[in-house]
Amino acid sequence: PYTELIKDIPSENQVTENSTNISSNISIKERSQQRLLQAPATVMKLTDSILNVDSTNISGVITSTPIGLLSEQLQDNDKYTPPTIKPPDYIPTIRNPPLAPKRQNTRMIQQYGFDDVTTPTSTAAILHRHEIASTSISDTRKATTSTRKENKSIRATTKRNTRVTKTRPPCTDVTITPVPSSESPNKMTTRSQVRSSNTNLNCSIDTETINKRERQRKSQSNQRTPELVENIINVFKLLGQGLQHLSQFECRQAIELFETISLKHLHTPWVLSHLANCYYHLHDYQKSSLIYRELRTKFPYHIDGLEYYSTVLWHLKDDIALATLAHELTETDRKHPASWCASGNCLSLNHEYDKAIQAFKRAIQLAPESDCAYTLLGNEYSLVDELERAMACFRKAIQLNSRSYKAWNGMAMVYLKQEKFQSAEFNFTKATNIFRTNPDLICHLAVAQHKCNRSEGALALLNDALRIDSKNALCKFHKAGLLLHLERYHEALAELEQLRQIAPKESLVYYLLSKVHRHLKNFHYSYMYMSWCMDLDPKGANNQLKENADKLYSKDEDLLLGMEDLASSVTEDDQSQMQSQSSLQDIQPMDSKFMYDLVSSCTNGVTVQFKLRQLPRFYTPLNDKIYLASSYNRWSPNDKQFEFNSLTKSLLVDFQNITNLEFKITRGSWSAAETWQDGTARANRKLTLLNFLQSIEISVEQWSDTSGGVHTATNQLYILDTNFSMSPYLPRTRRIWIYLPRSYSIESNRRYPVVYAHDGQNLFDTSTSFSGEWGIDESLDALSQQLIFVGIDNGGSERINELTPFPNSNYGGGQADKYLDFIVKNLRPYINTHFRTKPERENTAILGSSLGGLCSLYAALRHEDIFGLIGIFSPSLWFTNDIYTYAQNHRFQNSPPRLYFVGGQLESSSMISDMQRMINLLKTTTKEYNQDKNQLAMIIASDGQHQEWFWKREFPNSIKWLFPSS
């Protein structure tokens, strides 16, 4: 309503003069009405003028007002800075509004000119008059209060004189002055006057109480201030020390300092990102990925520093997670360099190098000062052999940050490709001086020194690197190559045997083993390892033999298990042997007769090759190792020299001075030795050794620790581990089952959704179930849905504790938080890393029955970002009413998970009613459940009972509903 143009705003002095000389011809009532109508309009006009910063009339305003100051600022082209306006000393309160019309105050209103509505006034003038009026009203009230006290004393004296009372002692602290009759009021004090007096008294008491409390609060605050300041200083001191160590790449010390900070400060984006960065520099990519994932979960809009997270995922070859991260960052902030770095790493992982280069260039355009973006671009140029451009990028990164050891390392790798070994050594030395505890950099420097014909010094550097990290595969590989070059074959063989345990699937390790054994004249071992090398990577092995110097590089020039130049470990004698023998490029697996000829010509012992033809797949944990225990090794059940190869399931043994052999197969202990199918003990196997190469195929029917009962599991079911650790969340271990679909071994590029289920003993096998199995494996074999199904054994006596979110006064419980943290933070990352899964929320389900159904429902609320599909069979909602309160107070951050409830009318009397109560509550709090039928389903069976046969019957329908498109 206040859209009039602002004309002239008088100064405060003019307004004050006009208000004091105002005419009093208008009646009090009319002036009050005009004041009430016009004064707010004046204030609103002034407010509108302040807010209307684009007005063309702004320059005509008097410069002494705030509007004038604002006009001067807006005429400048600099950034706008709001003017500082000093607030008035007095602001009217609601209890004492100076503009509120009161009948007894009309005289003061007239006296102080509040009826002046003809002249526009400024804000300062209005507040000034408010203050004067309030002061006057306050003085009037004080006068009224004193008058009441005098009247009250007079009435009390009159009554005392007319009444016969006992004599009282005179008051020493009160003096009563008689009032003449002419001055005595004719009327008694009114009720409003008495009420006003009581109000003033109460106000004074309240003021004293407030002042007293304020003094106490300030006293306590003053006492706590030194302690608070000291705590803040200590926190900043730890953060500063951690940052200092990280800037010097002393990552271990930085991690120790960051982890000593309280959880409240540790779980902040700054600390989490720097902690993950520490593990990134240490090449502990799994740990770094977990911390970055926690950072993304708690702070989804924090983007700074996530270019390192995308590089971590590049190293882990996690293309799904990397693509998801790139999409999320691009959707959040398309103009942030980390978004384009993530996109570039994603494209690079998919071998789209040209598009990756364009993405990194875009990141540089957004952040020209980012040395990380230049380094990543240089790596991409190096991968496509555009070495000059790569050098330019690395030089620019060093110009921006002289302590970028990755840029120095990148330049050195380019020089190494160009065979400029002295320049490579110089740049490797620069990188090593920056990051002195990085074993990979030291290893690269050793390679460069070896190229400069300083092999002994290179070997000393490799020993230094292995003292930093004794299990570094890259350093062990190069050390073995140098020892082979120095003709120290037995030492090289020892290093390669240790490396084979660290990297059992790397073909180059078996290639070097074959060469070492050839120098040691162990030709049967030499050809065996050469055969394994070609089986693992035929194309790579052939290229190694053909070119003799294959160069394998990875991101950031960190060599995983490749050598910069295999010629460093190949002697001239070795070259002549390779040429004089048959063409190694054409070598195929040898038959028994040819192997016998080789063996008989070079050894006096008897060689036997043991092959594991068949194992009880379901009952043999995938992570367990298989050993040969025999009379030859004194029946040791876990002798490392008699361990079967985990890939080929074979073992080659050279027996000396023995003709008869007795043996058994174990899984590392006699409690896990082979038995017959029915679980009865098996006698020792016997073998007569003959004077030629023997190949023995072995079938293990059953293990002693898994025997007993009738087994019904299918061939698609495996035991992942019998003692999967639940630490640090629970001090226990657990058996983990895993079902892989039939297409898993055929379609090697396909990924699958995952279902996690409780009470694993009852899911797959009758022999381990409590009262029958669900038949999960048989049902999934018959369904079209292709899933990975993970079963988690319950803890027996700990089942109630682990599957209940809140305690029961009679049964205890309440550890579901820790149990679910074990699934989310331990088990799920392991499954996603070792199996081809679809890790997204909409492809991850959790289900269970009874207490497992209660735990699954709680997981849907507590971990809504992890589990998007929930199967709830006969949930034990009776266990605690706290689950209803938790569900009522919970609000889903994104789209809620899909819920599938199953219950039977022949279960407990409260089963259906409890389920209906929970469903009604969810529909009340979440509109999606009330509007979309595909978000929530409830199945009630008239014959349903609280037993496994009922859940087995309903399981296929639940999978069809939860995974309609799998």
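This is a predicted model: local features need pLDDT of at least 70, side-chain atom pairs count only at pLDDT 80 or more; totals for chains, interfaces and linings use all residues.
Trainee: What is the chain made of, in terms of helices and strands?

Mentor: The protein chain has 35 helices and 16 strands. Of its 966 residues, 47% count as buried. It exposes about 50,400 Å², and carbon and sulfur atoms supply 50% of that area.

Trainee: What share of the contacts with a separation of 6 or more comes from residues 24 or more positions apart?

Mentor: Such residues account for 67% of those contacts.

Trainee: Why is Thr 432 called buried?

Mentor: Buried means under 20% relative accessible area. Thr 432 has 11%, so it is buried. Thr 432 belongs to helix α18, residues 421-434.

Trainee: What makes the pair of Thr 432 and Phe 428 a polar contact?

Mentor: A polar atom of the Thr 432 side chain lies 2.7 Å from the backbone oxygen of Phe 428. The cut-off for such a pair is within 3.5 Å, so the distance qualifies.

Trainee: Which residues does Thr 432 contact beyond its neighbours within four places in sequence?

Mentor: Leu 441, Ile 442 and Leu 445.

Trainee: How do you know that the span of α16 is close to the expected one?

Mentor: Helix α16, residues 387-400, has 14 residues. The expected span is 1.5 Å times one less than the number of residues. That gives an expected 20 Å, and α16 reaches 20 Å from its first C-alpha to its last.

Trainee: What puts the buried residues of α16 on the same side?

Mentor: The buried residues are Leu 387, Ala 390, Met 391, Cys 393, Phe 394, Ala 397 and Ile 398. They cover an arc of only 165° around the axis, so they sit on the same side of α16. The face turned away from that side carries the exposed residues Glu 388 and Gln 399. Cover for the buried residues includes α15 (371-383) and α17 (405-417).

Trainee: How do you know that the buried residues of α12 line one face?

Mentor: In α12, Leu 322, Leu 325, Ala 326 and Leu 329 are buried. Seen down the helix axis, they fall within an arc of 100°, so they line one face. What covers them includes α10, α11 and α13 (337-349). α12 has 14 residues and reaches 20 Å, close to the 20 Å expected.

Trainee: Which residues touch the most other members of the largest nonpolar core?

Mentor: Phe 258, Phe 428 and Val 516 do, in a core of 112 residues. Its largest share, nine residues, comes from α17. A second, separate core of 55 residues includes Ile 792, Val 824, Phe 879 and Leu 922. In soluble globular proteins, nonpolar side chains tend to be buried together.

Trainee: What does Phe 258 touch, beyond residues up to four places away in sequence?

Mentor: Among its contacts are Leu 239, Leu 243, Leu 266, Trp 270 and Val 271. Gly 242, His 274, Leu 275 and Cys 278 are also among them.

Trainee: Why is Glu 294 called partly exposed?

Mentor: The partly exposed class lies between buried, under 20%, and exposed, over 50%. Glu 294 has 26% relative accessibility, so it counts as partly exposed. Glu 294 is placed in helix α10, residues 285-298. Not counting residues up to four places away, it touches His 267 and Leu 272.

Trainee: How far apart are Glu 294 and Lys 825 in sequence and in space?

Mentor: They are 531 residues apart in sequence. In space, C-alpha to C-alpha, they are 9.6 Å apart.

Trainee: Where is Lys 317 placed, and what is its phi?

Mentor: Lys 317 is in the loop between α11 (306-316) and α12 (319-332). Its phi is positive, about 60°, although it is not a glycine. Its relative accessibility is 43%, so it counts as partly exposed.

Trainee: What is omega for the peptide bond from Ser 727 to Pro 728?

Mentor: Omega is near 5°, and the bond is cis. Pro 728 lies in the loop between β9 (717-725) and β10 (733-739).

Definitions and conventions
Residues are numbered from 1 along each chain as its sequence is written. Side-chain values use heavy atoms; hydrogens and water are left out. Helices (H or I, at least four residues) and strands (E, at least two) are DSSP runs, numbered from the N terminus. Buried means under 20% relative accessible area, exposed over 50%, partly exposed in between (1.4 Å probe, protein chains only). Contact means heavy atoms within 4.5 Å. Accessible areas come from the Shrake-Rupley method with a 1.4 Å probe; for residues, only the protein chains shown count as cover. A polar contact is a pair of N or O atoms within 3.5 Å; within protein, one must be able to donate a hydrogen and the other to accept it, and residues adjacent in sequence count only if both atoms are side-chain atoms. The arc is that of the directions from the helix axis to the C-beta atoms. A nonpolar core is a set of buried Ala, Val, Leu, Ile, Met, Phe, Trp, Tyr and Cys residues joined through side-chain atoms within 4.5 Å.
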